[in-house]
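Biologist: I have a structure open that is new to me, and I would like to walk through it slowly. Could you show it to me and take my questions as they come?

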Amino acid sequence: MKLLEDLRLQFDQPLWAKFPELAVYDTILEKRIDIIKLFEEDILKGLKNNKYGRKDKPSIELIIRAIIYKESRGITYEELELQQFDSEICKRFLKLGKKAFSDSVYQSYVKKIKAKNIKSMMQTINKIAIEMGYEDIQDVRTDSTVMKTNIHHPTNNSLVYDCIKTGTNLLTKITERNSGNYNNLINRLLKVKSIYYKLNNIKIDEKDKEEKKKKRAETMKALFEENLSFLKKIRDEIKQAISDEISKLQDHDQLKIKELDRQIGIIYDNAWRFQIEGKKVKGQDKIFSIYEEHTDVIVKGLRECIFGHKVNISSGKSNLILDCDVLEGNPSDANLFKGPLSTIQETYGKQIGSVATDGGYASLDNQVFAVNDLKIKNIVFTKIVGSLQNIIESPVKEKFLTSFRAGAEAIISNLKRGFDLQSINWKGFEMFEAKVFWGAVGYNIRILTGHILATLFPKPKVG
């Protein structure tokens with residue numbers, strides 16, 4: 001195949017041989033201009049330039065190569081900026097001319113890229129792997145995981161404090177620093193901080209006597225009432241600022257203070273109901289972070305709560321990620337079975353022969369769909385209960401698929417650890433989703449590179 005021959009020539013060069021994954025990226029991007037075109041609309045949106053970009057701005061290809069280099073090397077934007085000057089492989093891969101670009105320039109363009117187009121890039125790379133014979137879509141496994149958002153553990157106490165702190169910061173942008181109102185804001189914040197720490201240090205132990213437990217509960221309630229009174233004052237001041245003085249703020253701060261007003265209303269009501277009235281609050285009514293409001297609470301079985309998003313991942317025998325979805329809410333795994341299989345068959349134009357998942361995906365409806373709609377011959381759900389039975393051609397095939405499914409956990413582990421996806425610090429749901437897909441693209445290139453190296457430089461057989 002032409003791609004293999006081109007890569008053989010690349011690997012003959014010492015610099016590329018030291019960075020085989022970048023060599024694979026480089027060769028694919030050179031051969032497949034359609035991958036660059038996937039991002040054209042995103043990057044040029046809102047710009048008055050022609051499709052080639054202005055001469056003093058980075059080209060679309062340079063931006064894509066820069067984010068690929070950054071993510072594959074596991075570096076920050078600041079390190080990317082520095083490596084343009086002192087790394088030969090960085091200069092070569094980015095195809096830099098005389099002008100390098102700052103970290104903020106790259107970041108401003110990368111945040112415009114939509115996750116759906118990164119997913120299309122991932123699928124295009126998979127199609128190349130299929131053409132090269134490394135994947136045939138015959139056996140598919142699906143599993144889900146949770147990736148955390150970068151937030152502290154949410155409690156009513158911490159959420160109230162975050163609201164007051166953020167509200168104070170926004171109000172001080174309106175208030176003159178030498179005025180009495182500014183001093184009042186700062187002094188109040190110090191009192192709130194003191195209450196925050198006191199609440200954190202109150203421990204109600206189930207082993208304590210009832211009288212001691214009751215006294216501590218009353219202390220906690222009193223402190224919460226005081227803090228909530230401060231939160232109410234902050235909200236009143238924010239409402240007054242919105243009506244009278246919001247024009248003094250920049251546009252993004254105006255949006256922020258209006259959004260904070262809405263968030264305070266929800267957090268105040270929830271904290272009052274739970275802490276003062278002793279009533280339960282439904283999960284869908286809660287906010288877990290005012291900074292990353294898209295955060296969901298995910299509970300899998302009897303394990304601890306995780307704050308982030310569920311991610312559903314499907315892979316094949318090559319260990320490539322064939323499909324990936326970042327989900328909102330906490331849908332049951334049983335509802336995540338049909339979509340990926342349909343997408344895989346439609347995207348790659350191949351008939352799936354067998355599918356293996358864990359028991360969470362098991363249902364008669366899913367099994368009937370796989371057999372009747374997708375014409376899949378072997379369906380294995382591990383740890384199934386009740387009368388539902390696996391559909392298999394032979395016990396040997398069932399044993400193989402059961403073992404095959406277990407490999408999904410290794411893929412998820414490699415993806416999360418290899419591309420720093422345990423906790424994602426990109427802001428907002430869209431950027432969270434984009435970060436996951438850049439990781440999936442990087443993971444797939446790493447796997448594809450391994451297959452290519454094994455083909456070009458096979459290890460001699462022993463014995």
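This is a predicted model: local features need pLDDT of at least 70, side-chain atom pairs count only at pLDDT 80 or more; totals for chains, interfaces and linings use all residues.

Biologist: OK, and how many residues does α6 itself have?

Modeller: Helix α6 covers residues 60-73, which makes 14 residues, and it reaches 20 Å from its first C-alpha to its last, close to the 20 Å expected at 1.5 Å a residue.

Biologist: Is α6 mostly covered or mostly open?

Modeller: It is mostly covered, since 13 of the 14 residues of α6 are buried.

Biologist: Which residues line the second largest cavity?

Modeller: Its lining is made of Y25, I67, I68, E71, S72, F419, W438 and G442. The largest share, four residues, comes from α6, and both α6 and α18 (428-456) supply at least two residues each.

Biologist: And how do those lining residues divide into nonpolar, polar and charged?

Modeller: Five residues of the lining of the second largest cavity are nonpolar, two are polar and one is charged.

Biologist: Switching to rings, how many aromatic pairs are there?

Modeller: The structure holds 11 aromatic pairs. One of them is formed by Y25 and F93 and is edge-to-face, with 6.4 Å centre to centre and 70 degrees between the planes.

Biologist: Where do Y25 and F93 lie?

Modeller: Y25 lies in helix α3 (residues 20-31) and F93 in helix α8 (residues 88-94), so the pair ties together parts that are 68 residues apart in sequence. Both Y25 and F93 are buried.

Biologist: Can you give me another pair, say a stacked one?

Modeller: Y161 and Y196 form a stacked pair, with 4.6 Å centre to centre and 15 degrees between the planes. Because Y161 lies in helix α11 (residues 156-174) and Y196 in helix α12 (residues 180-200), this pair ties together parts that are 35 residues apart in sequence. Y161 and Y196 are both buried.

Biologist: Tell me a bit about α11 then, how many residues does it have?

Modeller: Helix α11 has 19 residues and reaches 28 Å from its first C-alpha to its last, which is close to the 27 Å expected at 1.5 Å a residue. This helix is mostly covered as well, with 16 of its 19 residues buried.

Biologist: Back to Y25 and F93, which cluster do ring pairs link them into?

Modeller: Ring pairs link Y25, Y69 and F93 into a cluster. F93 also has a charged neighbour, in that R65 lies over the face of F93 at 5.1 Å from the ring centre.

Biologist: And which ring does K70 lie over?

Modeller: K70 lies over the face of Y77, at 4.8 Å from the ring centre.

Biologist: Where are I137 and K375?

Modeller: I137 sits in the loop between α10 (115-131) and β1 (139-149), while K375 lies in the loop between α16 (364-373) and β6 (378-381).

Biologist: Is I137 buried or exposed? And K375, buried or exposed?

Modeller: I137 is buried, with a relative accessible area of 0%, whereas K375 is exposed, with a relative accessible area of 53%.

Biologist: Before we stop, what does the chain as a whole come to?

Modeller: Its secondary structure comes to 18 helices and seven strands, and 49% of its 463 residues count as buried. Along its principal axes, the C-alpha trace of the chain spans about 80 × 70 × 40 Å.

Biologist: What separation do the C-alpha atoms of A100 and L159 have?

Modeller: They are separated by 42 Å, and A100 and L159 are 59 residues apart along the chain. A100 itself lies in the loop between α8 and α9 (103-110), and at 21% relative accessibility A100 counts as partly exposed.

Notes:
Residues are numbered from 1 along each chain as its sequence is written. Side-chain values use heavy atoms; hydrogens and water are left out. The expected span of a helix is 1.5 Å times one less than its number of residues. Buried means under 20% relative accessible area, exposed over 50%, partly exposed in between (1.4 Å probe, protein chains only). On a 1 Å grid over the protein atoms alone, a cavity is a set of points where a 1.4 Å probe fits but cannot get out, and a pocket is an open set with protein on both sides within 12 Å along at least five of seven lines; lining residues have an atom within 4 Å of a point. Ala, Val, Leu, Ile, Met, Phe, Trp, Tyr, Cys and Pro count as nonpolar, Asp, Glu, Lys and Arg as charged, and the others, Gly among them, as polar. Rings of Phe, Tyr and Trp (its six-membered ring) pair if their centres lie within 6.5 Å; planes under 30 degrees apart count as stacked, over 60 as edge-to-face and the rest as tilted. A charge sits over a ring if NZ of Lys or CZ of Arg is within 6 Å of the ring centre and within 35 degrees of the ring normal.
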